[in-house]
Structure formats: structure tokens, C-alpha cells
Amino acid sequence: MENYDKLAELLLPDVDKSPADYEAMYPPRALPEGARVTRIAPSPTGYLHLGVLFTAMCNKRVAAATGGVFYLRIEDTDKKREVQGGVADIVKGLNRFGVTIDEGFVAADREEGAYGPYQQSKRGPIYRCFAKELVRQGLAYPCFCTEAELSAVREKQESQKVRTGYHGEWAKCRDISYEEAQRRIQAGETFVVRLKSPGSEENRVAFTDGIKGKIVLPENDEDFVILKSDGIPTYHFAHAVDDHLMRTTHVIRGDEWISSTPKHLQLFKLLGWKPPKYAHVAPIMKEDGGRRKLSKRKDPEAAVRYYAEAGFPPESLIEYLMTVASSDYEDWRRANKTAPVDAFKFSLKKMSLSGALFDLDKLRDVSKNVISQMDAQTVTGRILEWARENDPDFYRLLAADPAYTQAVFAIDRGGPKPRKDLAKWDEAKEYAAYFFDALYVPCRDLPENIAPTAAAAVIEAYLPVYDPADGKDGWFQKIKDICPALGFASEVKIYKKNPADYKGHPGDASTVVRIAVTGRRNTPDLCSIMGLLGKERCIQRMQAAAAVWRGK
């Protein structure tokens, strides 16, 4: 034991606090009985991935359902792969899409909470303290093996067809003496600190996964690195120290970490701590000649910023991801059409074991439904906000007359059967183009059953009786009144006996007016549209269309 103490001082002489100091600094949380503390701990090595947002959402739901805490910790120990602005992208993405952070990095430049720092690169002294304690207990040691030596060991293991790794007889520095360690350090050799694993691959470790149930894996026997040569901890070690001191109760993470769980459970045991409950989330899959994980490299929809730039409302993406996350969510939503998503009782046990298939078309349908339930003021505000950031010219056009813009997006909104034209805000420009002369592009393509001359005749008959003061009933009655003289049936369901003489019905006649005014066959209520456009513009557009159909 004395040599272990000396070795600990030799390796980490700068540590000036004890484990007890940190236990006192980060005491158990004062939370209600059964409250869960969860976290998301991404690395700032690129954009926020949809899978991270999905996992964060699940963590947030679990914590919120129990009156607990959901915190964001940044795991930035791999400085070589860190991307500038990565932290900002993570925080902005989570907040934008409604996964609000209770503690930790609540903004890119602001941490809140009593258990920080919440950035691993700022917690070096903490990790070194606990690494030193493991050395003092004979549970960790210095390893001076070079990359060339480690490669040679691997090649030898492969040639002998044995399991690769730094374990058992292959762990060359495992029993290094204090004297040799001292000599090599004084000679300027660099070293890492490795865990001295007491495990055996012949043994099994079992744990109950919160999603997948009981999992049994070989016990860890690898002497894996806990501190790199620059003193920075590896993920395995840092996450154990952080999750203990931040008093995490449930670690909900991607299932690529299942195979590492024996290492993590072993660390908690050797450090004398109660491990958190683990739950491993299956990845979101994509159909691409077979199922595969969403790829950062191949799939633009893997980036959360894709949904922000396209203008999917946060509620839409979260609503859709909830259908992916929980097998009983859609049934609940059908029975609770207007309830907030937070009212749903989320359970890890209802999550998919194998990974749900991402369906962009279904997301669009969900989003159309979400947007259809928003009032005009909300829709207008969201579109303006999106356009300010993504389409400045469109923003200036909309912002020039806010009352007119809101009236555009108020048409057919708020009734018992609202239209579902928009799935995302980048569709608003095309949707509303005919309301703005700067965007309007005439299109006079007619249905096959209406000849151009017949369409011109409809406009010529309607113009003399057109009155913007007509309400919906009066407007359509005038359409019906002009039909008989044009050879159109007076009612939708009345057809002449001789099909060759049949030119159409009032619905067809109103379609002609719709095309003349808007350039579209399908729009919201035409009477409301014409009222908003105003008499002068409507007459000009109808006259121009009639002239084209007459071939003038």
C-alpha cells in the first residue's frame, strides 16, 4: 500500500483535493422521492444530429415526468475533432426544438447549476483526483507503451488468433514497480494511466436495461486507459466521474454504448459508487435498399439544422419524434387531440427495441396537422421569424404590411375543418405568392374538360356582375346564375343527356375564376381571397386571363 501511495504521488503530484472534498462539493440533490436526473452529453464535433435530439427528448421526458432534472453536459475531451461553434449549434438546436435544458449549458456561453463546470475540458482536476485515488488503491497504474509497441502487440495477437486488446498477459506494464515508473518518468518518458481491471472474460455481468430488459455480457478484463498522456480523461472514465458527482440517476443513450456498459459498471464498482440505471435507445433508421442508420455524411435530414432551415415548427418535429419514441403515443394523441405533449405519460418500456424507420412523408403529415391548429397570428409570426433568418427578401415583403400578411394566412384558419396546405415555413412563399404582385406569376392552364373559349366566356359573363361586397353565398350564387346561358349545368349534379353538349357545372365555372385570379386550381376560400386582393387587382387579372383564352 505504501508503494501505491508513493506511485500515486509520483504520477499525479499536483492533485490538491481528496475524493471526500468533491463529494462534499457535489452533494446528493434535494429532489422529491423518485425524481430522475437525466442528461444529454454530446461532443461538439459537428452539427447536432437528429439522433442526439431524439435521445435528448427522451431524457427530458423521463426527467420532467418525475419532477426531476435534465441537464446538458459537453464532452469535449477530444479536442482534435472539436468543431468551432459546435457547442452553440447543440444548445441552439435543443432549445429551438423544445428540448429545454434545466441545468448545465442553457446557452452557448452560459452555464447554470450547482454541479458544474458542465464542460469536461474544465473538470481536469476532478478526474485527476479520482484517477489518483484508483492508483492509491492499486486499481490503476502508469503505462509507458508506445504506439509502435501497442501495434506490435496487436499484430502478434492477430497472428495467434487471440482476442486483441491490453489485457491479461498482454498488459505489459500492469505490474510495473514504483522504482521503474520513477526511473522512466525521470527519463522523460510519457505515460497514460490505465485501470487495473480485476475482471475476467469468462465471467458474465448482467444488468437491466430500461428499454431492452435484461442484458448479459462478458465482464470487462481490459486495462483500458482512464487518463491520456496529456492528462485528459477518456470518455469511459470521465462519464463515470461526472455522472456520479452530478448525481445522474438514469443514463439514456444510444445503443452503440451497450458493449461498453461492463466497463462503466466496473468503474462504478471500483470507485465505490452506485451506478445509474442504463437505458439504450435504438437508432433512427432509414430505408435505402435495406435499413441503415441515418448518416451524417449521406443524409441531409440527419442534421437538426435541416429542419430549422426548412421551417418545420419545433412542435411538429417533437410530435413526430414522439410517435417514433413510444408505441402508444399515436393512440394517446387520437384520444387527446389538443393536449400538450407534456401530458403524455412517457415510458421507456414502450420504446422500440430495434430502431424505428424515419419517414419524412409522415413528418410532413404530422406537421400539416400541427400548423393547421395554429391561429393566424402564430402562423404569421413564425413565418416572419423564419423568413428573417432564411429569406430576407420574402421577410421584407411580408413585413411591409403586417396586417395584410396576417390576413393572408388567416383565410380558412380557425374553423372546425382547417386546411392543411403548409407542412413547413419554406412553403409559405409559394403558398402565398398570388397575394403579392412581386411574387405572382400568372398561370392559365385549364382542366381538360374546359376549353379556352368557354373559360373566356365564363369570365366575360361574370365580370359585369362581380361585386366584392358579395358574401360567400352571394358570390357563388352569381356563378350559378351565369351558368345556364353558357351551356353549363345549373347544379353540380345535373348533367345534360347528351355529353357532347355538356360544358361543365358551377364548380367548373368557379375554377375558371380561381385560375384567372390566382393561377391555381386549388386554393383556400376564393371569395376571401378576392376580398383581400381587392376589386381592381381581381378585375385586371380576370381580364388578362380572358384575353389569353380568347387568343388576343
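**Strands, a crossover and a cavity in a predicted model**

M57 counts as buried because its relative accessibility is 1%, where buried means under 20% relative accessible area, exposed over 50% and partly exposed in between, with a 1.4 Å probe and protein chains only. This is a predicted model, in which local features need pLDDT of at least 70, side-chain atom pairs count only at pLDDT 80 or more, and totals for chains, interfaces and linings use all residues. Residues are numbered from 1 along each chain as its sequence is written, and side-chain values use heavy atoms, with hydrogens and water left out.

M57 lies in helix α3; helices (H or I, at least four residues) and strands (E, at least two) are DSSP runs, numbered from the N terminus. M57 and V99 are 42 residues apart in sequence, with 5.8 Å between their C-alpha atoms.

β1 runs parallel to strand β2 (residues 69-72), and 4 bridges join them; two strands pair if DSSP finds at least two bridges between them. F70 in β2 is the bridge partner of T38. The chain passes from β1 through α3 to β2 in a right-handed β-α-β crossover, meaning that, with the strands pointing away from the viewer, the path from the first strand over the helix to the second runs clockwise.

Strands of a sheet pair through backbone hydrogen bonds, either parallel or antiparallel. An open sheet of 3 strands has the order β5-β6-β9, with antiparallel pairing. β5 (140-143) and β9 (225-227) are its edge strands, each pairing on one side only. From one strand to the next the twist averages 45°, with axes as lines fitted to C-alpha atoms, for helices over the stretch in contact, and angles from 0 to 180 degrees between N-to-C directions. Strand β6 (residues 192-195) pairs with β9 over 2 bridges, and R194 has V225 in β9 as its bridge partner.

The model has 3 cavities of 30 Å³ or more. A cavity is a set of points, on a 1 Å grid over the protein atoms alone, where a 1.4 Å probe fits but cannot get out; lining residues have an atom within 4 Å of a point. The largest cavity holds about 80 Å³ of space. Its lining includes K368, I371, S372, D412, R413 and Y431. Helix α13 (residues 360-372) gives the most to this lining, with 3 residues.

Definitions and conventions. On a 1 Å grid over the protein atoms alone, a cavity is a set of points where a 1.4 Å probe fits but cannot get out, and a pocket is an open set with protein on both sides within 12 Å along at least five of seven lines; lining residues have an atom within 4 Å of a point. Grid points are joined across faces, edges and corners, and a volume is the space filled by probe spheres set on the points.
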